[in-house]
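Visitor: I have not looked at this structure before, and I would like to learn how to read its features one at a time. Could you take me through some of them?

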Amino acid sequence: MVTKRDFYEVLGVSKTASADEIKKAYRKLALQFHPDRNKEAGAAEKFKEVTEAYEVLSDASKKQKYDQFGHAAFDPSTGFGGFGGGGQAYRQGPFTYSYSSNAGDMGGFDFGGFSDPFEIFEQFFGGGFSRQATKPRYSLSITFMESIKGVERKIVHQGKEHVIKVPAGVDDGTRIRYNEFDVTIDVKSDSVFKREGQDIFINHEISFTLAALGGQTEIPTVDGPINIKIRPGTQPHTMVRLRGKGVPYLRGRGIGDQYIRLIVKVPERLNREQRNLIEQLKQTL
């Protein structure tokens with residue numbers, strides 16, 4: 001029986017690696033072992049291994065299961081269910097979203113039920129590999145909020161107008177296949193919201209007095225501003241989790257969360273009265 005290597009070991013990262021560190025590690029290894037570039041014996045199997053590792057560790061939900069249960073989390077024989085087979089593609093009329101495909105398309109090379117690594121590779125490096133080289137490709141730029149809520153755009157191809165339906169939850173680099181062309185989604189960065197997988201992160205400043213005494217503060221979400229409670233004695237960089245305020249899953253498996261990092265703002269200048277009050281407080285602590 002072949003024992004799989006630890007996914008963190010495969011990518012050469014630690015268990016505390018950030019999403020960007022995991023992505024950078026995969027990019028480096030994908031370039032090294034991609035079958036279109038590396039014809040050495042065993043390169044294709046190594047590419048399959050790093051792709052499998054990346055697909056788990058780059059997905060917050062899968063990563064959490066892997067950290068808890070290891071490889072058993074994706075082994076159907078253990079009762080966890082695995083990743084499933086060819087029913088992973090998201091189709092909408094003539095469109096196919098490129099986070100999955102069937103292994104049969106790859107000339108008989110079995111990727112173990114994971115999504116097509118060639119398409120992942122194209123998301124990172126802009127294409128140029130085998131299957132879609134002759135197909136016209138358009139870049140569609142959308143805002144961060146449009147990527148969360150979904151949007152429709154129009155593209156003119158060979159004199160004909162096509163309506164592109166971008167579903168809620170698409171990420172930067174997602175590719176939509178049309179009968180005659182491909183569309184790559186370019187999601188603009190947002191000054192407030194930062195996305196990691198299906199979760200959203202923001203930094204939110206609160207005053208020193210609010211952190212000490214507690215109260216309420218208004219914070220932005222993708223569904224509009226809401227008030228949250230600040231507990232007395234809140235420490236700097238405390239994280240608050242809002243369930244269901246993140247990014248929708250493309251395949252309708254729920255919504256991620258929003259995380260708020262509370263930044264306690266300390267006043268840079270104090271008048272005499274304020275300084276005296278703080279001095280008095282200092283004596284009591």
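Visitor: Which exposed residues does the face of α4 turned away from its buried side carry?

Guide: Before we start, please keep in mind that this is a predicted model. As for the general idea, an α-helix has 3.6 residues a turn, so residues three or four places apart point the same way. In this structure, the face of α4 that is turned away from the buried side carries Gln64 and Gln68, which are exposed.

Visitor: Which residues of helix α4 are buried, then?

Guide: Helix α4 runs over residues 60-69, and its buried residues are Lys62, Lys63 and Tyr66. Viewed down the axis of α4, these buried residues fall within an arc of 100 degrees, so they line one face of the helix. The cover over the buried residues of α4 includes α1 (7-11), α2 (19-33) and α3 (43-57).

Visitor: What caps the N-terminal end of α4, and what follows the helix?

Guide: The N-terminal end of α4 is capped by Asp59, which has a side-chain oxygen 3.0 Å from the backbone nitrogen of Ser61. After α4 comes Gly70, and the phi of Gly70 is positive, near 70 degrees.

Visitor: I would also like to understand charged side chains. How many salt bridges does the count come to?

Guide: The general idea is that side chains of opposite charge can pair when their charged atoms come close. Here the cut-off matters, since a side-chain nitrogen of Lys or Arg has to be within 4 Å of a carboxyl oxygen of Asp or Glu, and by this rule the count comes to 11 salt bridges.

Visitor: Which residue forms a salt bridge with Asp67?

Guide: The side chain of Asp67 meets that of Lys63 in a salt bridge, at 3.3 Å from N to O. Both residues lie in helix α4, where Asp67 and Lys63 are 4 residues apart, about one turn of the helix. With a relative accessibility of 42%, Asp67 counts as partly exposed, whereas Lys63, at 17%, counts as buried.

Visitor: What is the nearest side chain of opposite charge to Asp199?

Guide: For Asp199 that side chain is Arg241, which is 6.6 Å away, and Asp199 is buried yet has no salt bridge. Asp199 is found in strand β9, residues 199-207, and the side chain of Asp199 reaches the backbone nitrogen of Asp257 at 2.9 Å. If we leave aside its neighbours within four places in sequence, Asp199 is in contact with Ala60, Lys194, Gly256, Asp257 and Tyr259.

Visitor: How many bridges join strand β4 to strand β5?

Guide: The general idea for a strand is that, when it is regular, the side chains alternate between the two faces of the sheet. In this structure, 7 bridges join β4 (residues 151-157) to β5 (residues 160-166), and the two strands run antiparallel. Val156 stands opposite Glu161 in β5. The hairpin of β4 and β5 has 2 residues between the strands, and in this hairpin Gln158 takes a positive phi near 50 degrees.

Visitor: Where is His34 found, and is His34 buried or exposed?

Guide: His34 is found in the loop between α2 and α3, and His34 is buried, with a relative accessible area of 0%. The C-alpha atoms of His34 and Ala44 are separated by 6.7 Å, although these residues are 10 residues apart along the chain.

Note on methods:
Residues are numbered from 1 along each chain as its sequence is written. This is a predicted model: local features need pLDDT of at least 70, side-chain atom pairs count only at pLDDT 80 or more; totals for chains, interfaces and linings use all residues. Side-chain values use heavy atoms; hydrogens and water are left out. Buried means under 20% relative accessible area, exposed over 50%, partly exposed in between (1.4 Å probe, protein chains only). Lys and Arg count as positive and Asp and Glu as negative; His and the chain ends are not counted. A polar contact is a pair of N or O atoms within 3.5 Å; within protein, one must be able to donate a hydrogen and the other to accept it, and residues adjacent in sequence count only if both atoms are side-chain atoms. Contact means heavy atoms within 4.5 Å. The arc is that of the directions from the helix axis to the C-beta atoms. Two strands pair if DSSP finds at least two bridges between them.
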